Amino acid sequence: MDKVYDMGLQAALTGAPLETLFDESYRHGAFAKKYSRCLSRLSELLSEARRSLTISADW
């Protein structure tokens with residue numbers, strides 16, 4: 001996710017809510033920080049995609 005985010009690629013995903021992507025135990029284990037960062041990046045990418053769609057629809 002970091003590479004996609006850093007490259008500034010647009011992404012639009014559908015399906016499961018972000019909070020359901022990883023098992024609850026992942027949020028409290030050794031890699032909790034990495035999973036949190038991944039969810040944060042996904043959330044930002046989705047927000048950017050929504051803004052882009054809104055701007056396109058206004059044209």
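**Burial and salt bridges, step by step**

Visitor: Why is R27 called partly exposed?

Guide: In this predicted model, R27 has a relative accessible area of 31%. Buried means under 20% and exposed over 50%, so R27, at 31%, falls in between and is partly exposed.

Visitor: What makes R27 and E24 a salt bridge?

Guide: The closest N and O atoms of E24 and R27 are 2.8 Å apart. The cut-off for an Arg nitrogen and a Glu oxygen is within 4 Å, and 2.8 Å meets that limit, so the pair counts as a salt bridge. E24 itself has a relative accessible area of 45%, which makes this residue partly exposed too.

Visitor: How do you know that E44 and R51 form a salt bridge?

Guide: By the same test: their closest N and O atoms are 3.6 Å apart, and the limit is 4 Å, therefore the pair qualifies. E44 comes to 31% relative accessibility and R51 to 45%. Both values lie between 20% and 50%, so E44 and R51 are each partly exposed.

Visitor: Why does R41 count as buried?

Guide: R41 has a relative accessible area of 15%. Buried means under 20%, so R41 is buried. Across the chain, buried residues make up 15% of the 59 residues.

Visitor: Which residues does R41 touch, leaving out those up to four places away in sequence?

Guide: R41 touches M1, D2, Y5 and D6.

Visitor: What makes R41 and D2 a salt bridge?

Guide: Their side chains meet at 3.0 Å, N to O, and since the limit is 4 Å, the pair is a salt bridge. The two residues belong to distant parts of the chain: R41 is in helix 2 and D2 in helix 1 (residues 2-6), 39 residues apart.

Visitor: How many salt bridges does the structure hold?

Guide: There are four salt bridges, including E44 with R51. Those that share partners join D2, R37 and R41 into one network.

Visitor: Where does R41 sit, and how many helices and strands does the chain have?

Guide: R41 lies in helix 2, which covers residues 32-58. The chain has two helices and zero strands.

Visitor: What share of the contacts with a separation of 6 or more comes from residues 24 or more positions apart?

Guide: Such residues account for 69% of those contacts.

Visitor: And what is the accessible surface of the chain?

Guide: About 4,900 Å², with 56% belonging to carbon and sulfur atoms.

Key: Residues numbered from 1 in each chain as written. Predicted model: local features only at pLDDT ≥ 70, side-chain atom pairs only at ≥ 80, totals over all residues. Heavy atoms only, no water. Helix = DSSP H or I, 4+ residues; strand = E, 2+ residues; numbered from the N terminus. Buried < 20%, exposed > 50% of the residue type's maximum accessible area, 1.4 Å probe, protein only. Contact = heavy atoms within 4.5 Å. Areas by Shrake-Rupley, 256 points an atom, 1.4 Å probe, with all protein chains shown as cover.
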